[in-house]
Amino acid sequence: MENLTVEEITQAVGGKLLCGDPQTVISYISIDSRDIQENTLFTPIIGERVDAHKFISQVFEAGAKAAFTSRGEIVDRSKPHILVENTEAALGDLAVYYRSKFPVPVVGITGSVGKTSTKEMIAAALSSRYNVLKTAGNQNSNIGVPLTLFRLGPEHEIAVVEMGISDFGEMDALVRFAGPRTAVVTNIGVAHIGILKTQENIMNEKLKIAKNFQPGQPFYLNGNDPMLKIAASNYPENARLFGHAENGKQCDFTYYAKDMYIRDGMEHFTFVWPQGETQVVIRQLGVHNVNNAVVAMAIAMEYGIDPETAAGGLYGYEGVAMRQQINHLKDGIKVIDDTYNASPDSIKSGIEVLKLLDNPGRKIAVLADVLELGDMSRQCHYDTGCFVAQSGIDEVVTVGEEMKALVEAVREHAPHMLASNFSCNADAAEYLKKIVKPGDAFLVKGSRGMRQEEIVKALKEYLS
């Protein structure tokens, strides 16, 4: 982060300096009392359980130089206290101001599933030519996007920003912060449907990522998603459909993949664009990753990178930890660690990757509850179970109360498939240790709160 003065920050957020030197220099913004670096401004966020204002004294002792406050209490008069109405809103206002100092193009990415992997692939392709800033991890919220933007520096030539929402109106704020010049919507699923109520609402909120686009600004929509393909007609001067040709059919997308096949554990495909074709190889399996690579290629070309160079950048991308990361264990056993998070749609993607593995043994899905589905939870789990029942895998092992609906669906629609449910990860892990055989392959996936990485760890230790 480039240096800002407390006076500059106070003016940018419409705050009031209660005490301290207005010329104090700030070069780091933190919302975490454990993350205090040199010249830190601490932003105490008021959460559902904790009001971080109580940590202001602690962060000053740790070396923080200044703090926002909406409480008006002065902890240390020698340190600047900037009074604001709402600390989270002030963080966003400061991000808007800081972003204005760096007129680099921003590629914004949203969607129900695949935002992070798409972000990573786009950054990999663009990095073949440019110095790229990208969202760290999945810092894609009203707090995460500002923290991403504060990492901008004069060395950056382009930014790739993940933009995730879970409620109405959140995309409006993210667009104000990031000001994307190019945007991608990966798909429309049912993540956060408990709050947003319908898939139509989910789509309409996500499409707001292009709300300020002028004619000609590229808006990449996944043409293999039926809802997005229809929505593209509302953006006649912006929409660029991307995806893959299905079952050898003709494809009318602007950018697409064809002739897909797997060799040596990697995806191969032909990337097609209006003026030609290029061969692409990626290390990630699954048609969803092919789609991600296609839009990465398209955006790289938009920013002047030739397709062969962009393909080289994609080949160097090795994936993200805990996101369909394939662990090769003893006796030819493979474990797909996809435990970072889950939705019904991403479970389906994970199952497809499991099916693609060239292991000689069984294919077993280990799934835990998908959270934040509200009143739709049981139906979503049951519907996902219907998909699992038709997938052709050998067994499904589940954890959690909600997953009982998935097991019910599997038993109804595929009585030959083994399906079990456990109340905790430890019991599921013990069961898996008893049944594992040489050559087996496992997919381990569940919502972040279900801590499925515990099962991956148990399997790796047992099979080391």
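This is a predicted model: local features need pLDDT of at least 70, side-chain atom pairs count only at pLDDT 80 or more; totals for chains, interfaces and linings use all residues.

Student: Which phi does D331 have, and where does D331 lie?
Tutor: D331 is not a glycine, yet its phi is positive, at about 60°. Its place is the loop between strand 17 (325-328) and strand 18 (334-338).

Student: Why is D331 called partly exposed?
Tutor: The relative accessible area of D331 is 47%. Buried needs a value under 20% and exposed a value over 50%, with partly exposed in between. A value of 47% falls in between, so D331 is partly exposed.

Student: What makes G216 partly exposed?
Tutor: G216 has a relative accessibility of 39%. G216 lies in the loop between helix 8 (199-207) and strand 12 (219-222).

Student: Which residues is G216 in contact with, leaving aside its neighbours within four places in sequence?
Tutor: The contacts of G216, with those neighbours left aside, are E237, N238 and R240. As for Y235, it is 19 residues from G216 in sequence, and the C-alpha atoms of the two are 9.6 Å apart in space.

Student: How do you know that G111 is buried?
Tutor: Its relative accessible area is 0%. Buried means under 20%, so G111 is buried. G111 sits in the loop between strand 8 (106-110) and helix 4 (115-126).

Student: What is G111 in contact with, beyond its neighbours within four places in sequence?
Tutor: G111 is in contact with V185, T186, N187 and K206. T186 is 75 residues from G111 along the chain, with 4.7 Å between their C-alpha atoms.

Student: Why does N291 count as buried?
Tutor: N291 has 6% relative accessibility. The limit for buried is under 20%, so N291 counts as buried. N291 is found in helix 10. Not counting residues up to four places away in sequence, N291 touches N222, N224, F242, G243 and H244.

Student: What makes helix 1 roughly perpendicular to helix 3?
Tutor: Helix 1 (residues 6-13) packs with helix 3 (residues 87-99) at an angle of about 110°, and the two axes are 8 Å apart. The range for roughly perpendicular is 65 to 115 degrees, so helix 1 is roughly perpendicular to helix 3. E8, I9, A12 and V13 of helix 1 make the contact with A90, D93, L94 and Y97 of helix 3. These residues divide into six nonpolar, no polar and two charged.

Student: How do you know that the buried residues of helix 15 line one face?
Tutor: The buried residues in helix 15 (residues 425-435) are N425, A428, A429, L432 and I435. Seen down the helix axis, they fall within an arc of 130°, so they line one face of helix 15. The face turned away from the buried side carries the exposed residues A426 and K434.

Student: What covers the buried residues of helix 15?
Tutor: The cover includes strand 19 (363-368), strand 20 (395-399), strand 21 (418-422), strand 22 (441-445) and helix 16 (453-462).

Student: Which residues of helix 6 are buried, and what do they pack against?
Tutor: In helix 6 (residues 170-178), M171, A173, L174, V175, F177 and A178 are buried. They pack against helix 3, strand 8, helix 5 (144-149), strand 10 (158-162) and helix 8. Just after helix 6, G179 has a positive phi of about 55°.

Methods. Residues are numbered from 1 along each chain as its sequence is written. Side-chain values use heavy atoms; hydrogens and water are left out. Buried means under 20% relative accessible area, exposed over 50%, partly exposed in between (1.4 Å probe, protein chains only). Helices (H or I, at least four residues) and strands (E, at least two) are DSSP runs, numbered from the N terminus. The arc is that of the directions from the helix axis to the C-beta atoms. Contact means heavy atoms within 4.5 Å. Axes are lines fitted to C-alpha atoms, for helices over the stretch in contact, and angles run from 0 to 180 degrees between N-to-C directions. Angles under 35 degrees count as roughly parallel, over 145 as roughly antiparallel, 65 to 115 as roughly perpendicular and the rest as oblique. Ala, Val, Leu, Ile, Met, Phe, Trp, Tyr, Cys and Pro count as nonpolar, Asp, Glu, Lys and Arg as charged, and the others, Gly among them, as polar.
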